[in-house]
Amino acid sequence: MQIHERGYVSADPRIKPAAGYGIKRSAELPDTMDVLVVGTGPAAVAVIAQLSRFPSINVRAIEQRAGRLEQGQADGIQARSVETFQAFGFANEIVDEAYRNVEMCFWKPNPEKPEEIIRTDRVPDDDHGYSEFPHIYVNQSRVLDYFLRDAERAPGRVTPDYGIEFVDMTIDNDNEYPVAVQVRYSAGSRTGEERTVRAKYVVGGDGARSRVRTSLGHKLLGDASMHAWGVLDVLCNTDFPDFQVKCSIQSHSAGNIMLIPREGGYLSRLYVDLGDLDEGNPGEIRNTSQAAIIAQANKILAPYTLDVKGITWWSVYEVAHRVTDGFDDVPADKVGTQHPHAFIMGDACHTHSAKAGQGMNVSIQDGWNLSWKLAAVLEGRAPESLLDTYSSERKVIAQNLIDFDKEWSTLMARPVDEWEDPKGLALFYESTIEFPMGFMTQYPENLITTGVEHQALATGFPIGKRFKSTEVIRRADNRWRQLGHLHEADGRWRVYVFADPAAPALTGTPTADFAEWWKTNASSPLVKYTPVGGDDDAVFDTKVIYQQDYTEVEPGPVPDVFKPVKVPLEIIDINNIFASGHGRDIFAERGIDRQGVIVVVRPDQYVSGIFPLTARAEIEEYFAAHMVPLR
């Protein structure tokens with residue numbers, strides 16, 4: 001964390017000074033606003049936390065509950081989400097609080113005594129090094145708490161307006177505030193009162209039964225598996241040896257269990273196979289009692305037993321795989337000519353089983369994908385066409401999720417005697433682990449993602465995929481730093497300049513020539529899109545990584561563009577200069593061309609483009625497609 005650049009800070013540096021609407025925020029929901037967020041689920045709170053960092057934007061969030069969520073349904077947090085938490089500043093806290101997954105154990109019937117189960121496999125959680133962050137489990141309500149705390153500490157001071165529910169909306173694209181939203185007070189002294197407010201944009205994160213989706217006329221399309229599961233969060237005594245380890249448990253004839261340990265050392269979640277639904281009365285399965293689910297679990301676990309002492313949450317559900325037919329308000333025949341003003345995300349867009357642990361994780365990425373784009377448009381830094389990319393990018397991801405979850409949940413329910421290979425489930429889990437970890441997302445070429453013409457210049461940073469962090473030495477303090485961890489959720493673009501072989505110099509090298517153009521040329525995006533009078537790096541966080549050992553890199557000969565000036569004290573930031581050292585070399589680790597490469601990363605940490613150091617026109621054209629000059 002870098003602080004004091006605007007003067008000495010003696011209080012908690014995570015709490016930023018209120019500004020803009022953070023100062024003049026009214027207790028009453030206003031008649032007009034820039035963004036109205038509906039709901040406080042995982043996708044919604046990511047939007048709230050991101051937009052609260054932009055106090056010039058009037059953001060409100062309504063939630064029909066009277067207060068915070070106390071018991072969430074989701075609990076699995078994949079490594080990609082923890083990377084996101086790092087950008088929002090609370091990764092270390094939530095990892096310390098959560099259960100940290102290190103492996104998954106697979107249990108199957110004992111060949112010599114099929115009515116009893118034995119452990120057959122152990123699969124490490126991330127044996128391939130996809131991320132330096134862990135896979136964790138913690139209650140969804142705590143994830144929401146952290147995001148909402150972050151929003152309350154940000155300059156915009158956005159906090160939910162509890163006890164207000166969305167009723168309906170209409171959209172008039174000719175109005176300054178196009179979306180008219182009918183709301184109803186659902187708690188407190190005004191319960192039942194209705195009123196209409198207007199917003200420039202509405203974001204629906206209101207769950208699988210989304211009223212925003214209904215208002216837009218969209219439907220969840222797909223199918224149900226006709227297979228049911230009971231889920232219990234239990235406190236119990238048991239002789240099952242892996243009760244605090246993630247497990248897939250397949251019995252001979254009683255069905256299967258997915259066991260998910262939870263935070264705290266005592267609590268675990270059981271997904272208990274209840275079998276196929278009765279086609280004549282499919283709803284009957286929902287009447288299954290807690291006692292019946294526990295009894296079924298004990299049958300599956302034999303010869304081990306569960307003595308349940310407490311149940312903190314439980315449910316019975318049928319696995320369904322559905323994705324909505326639209327993610328915003330733009331009709332299919334007007335895509336490209338009309339820009340959206342209402343969006344849906346999270347469970348409002350995609351529903352699936354809980355077995356792959358993807359619901360909350362994909363929802364968070366939905367929210368971050370949309371929110372930085374809303375901020376850029378509302379602050380006048382990007383055209384409205386940028387918002388078109390939300391639907392085009394996330395709809396593909398949602399369908400990929402449905403396809404993967406359909407296969408995974410089907411395999412989870414497959415009877416053990418139908419497997420040709422007894423290790424089939426473990427092999428599938430291991431071979432596909434990159435997907436549930438959140439790292440298979442790869443955005444195709446579009447307005448903000450280039451083609452792959454220059455991919456060979458940096459093979460370790462696939463275009464369209466998230467920027468995979470690695471350690472480099474920061475020359476300011478000669479410390480190893482994870483480069484990706486310095487990418488905060490501040491709406492800025494990252495421009496990583498991997499230098500040519502020459503030593504740092506102010507002139508006469510490809511890196512120095514690029515630096516001069518980037519800082520001073522009228523056609524440079526840095527010059528065209530950075531507001532006058534603010535920080536030099538207000539829009540583009542430009543870092544340089546030299547090939548030399550850090551002992552051979554001095555800040556003096558490094559071009560000034562890599563040493564941005566901070567207002568109002570005009571403090572020079574020397575923390576953007578990096579090098580190799582101690583036998584490690586990021587150029588070799590990430591397949592970076594030794595002649596020098598520029599890697600552009602968008603505000604939500606996905607690689608947008610790779611360019612040679614000489615690609616002035618290409619870089620100018622790339623940013624001109626989705627940014628608005630401010631000068």
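Colleague: On what conventions does the description rest?

Modeller: Residues are numbered from 1 along each chain as its sequence is written, and side-chain values use heavy atoms, leaving out hydrogens and water. The model is predicted: local features need pLDDT of at least 70, side-chain atom pairs count only at pLDDT 80 or more, and totals for chains, interfaces and linings use all residues.

Colleague: How are two packed helices described?

Modeller: The description consists of the angle between the axes and the distance between the axes. Axes are lines fitted to C-alpha atoms, for helices over the stretch in contact, and angles run from 0 to 180 degrees between N-to-C directions. Helices (H or I, at least four residues) and strands (E, at least two) are DSSP runs, numbered from the N terminus. Here, helix H2 (residues 79-88) and helix H7 (residues 359-378) have axes that come within 9 Å and cross at roughly 40°. H2 and H7 are therefore oblique to each other; angles under 35 degrees count as roughly parallel, over 145 as roughly antiparallel, 65 to 115 as roughly perpendicular and the rest as oblique.

Colleague: Is the crossing of H2 and H7 left-handed or right-handed, and which residues make the contact?

Modeller: The crossing of H2 and H7 is left-handed. A crossing has this hand if the near helix is turned anticlockwise from the far one by less than a right angle, and is right-handed if clockwise. On the H2 side, the contact (heavy atoms within 4.5 Å) is made by Arg80, Ser81, Thr84, Phe85, Ala87 and Phe88, and on the H7 side by Asn361, Ile364, Gln365 and Trp368. The contact of H2 with H7 has 5 nonpolar, 4 polar and 1 charged residues. Ala, Val, Leu, Ile, Met, Phe, Trp, Tyr, Cys and Pro count as nonpolar, Asp, Glu, Lys and Arg as charged, and the others, Gly among them, as polar.

Colleague: At what angle do helix H1 and H7 pack?

Modeller: H1 (residues 42-51) packs with H7 at about 30°, the axes being 7 Å apart. The crossing of H1 and H7 is right-handed. Among the contact residues are Ala43 and Val47 of H1, and Gly367 and Trp372 of H7. By class, the contact of H1 with H7 comprises 11 nonpolar, 4 polar and no charged residues.

Colleague: How do the strands of a sheet pair?

Modeller: Strands pair through backbone hydrogen bonds, either parallel or antiparallel. Two strands count as paired if DSSP finds at least two bridges between them. In this model, 7 strands form an open sheet in the order S20-S19-S25-S22-S21-S26-S27, with mixed pairing. Its edge strands, S20 (479-482) and S27 (607-612), each pair on one side only. Neighbouring strands of this sheet are turned by 30° against each other on average, direction ignored.

Colleague: Which strands does S19 join?

Modeller: Strand S19 (residues 471-474) is joined to strand S25 (residues 577-580) by 2 bridges, antiparallel, and to S20 by 4 bridges, also antiparallel. Arg474 stands opposite Phe578 in S25 and opposite Arg479 in S20. S19 and S20 form a hairpin with 4 residues between them, and Asn478 in the turn has a positive phi of about 55°.

Colleague: What is the strand order of the open sheet of 3 strands?

Modeller: The order is S3-S7-S4, with antiparallel pairing. Strands S3 (76-77) and S4 (99-101) are the edge strands. S3 is joined to strand S7 (residues 135-137) by 2 bridges, and Gly76 has Tyr137 in S7 as its bridge partner.
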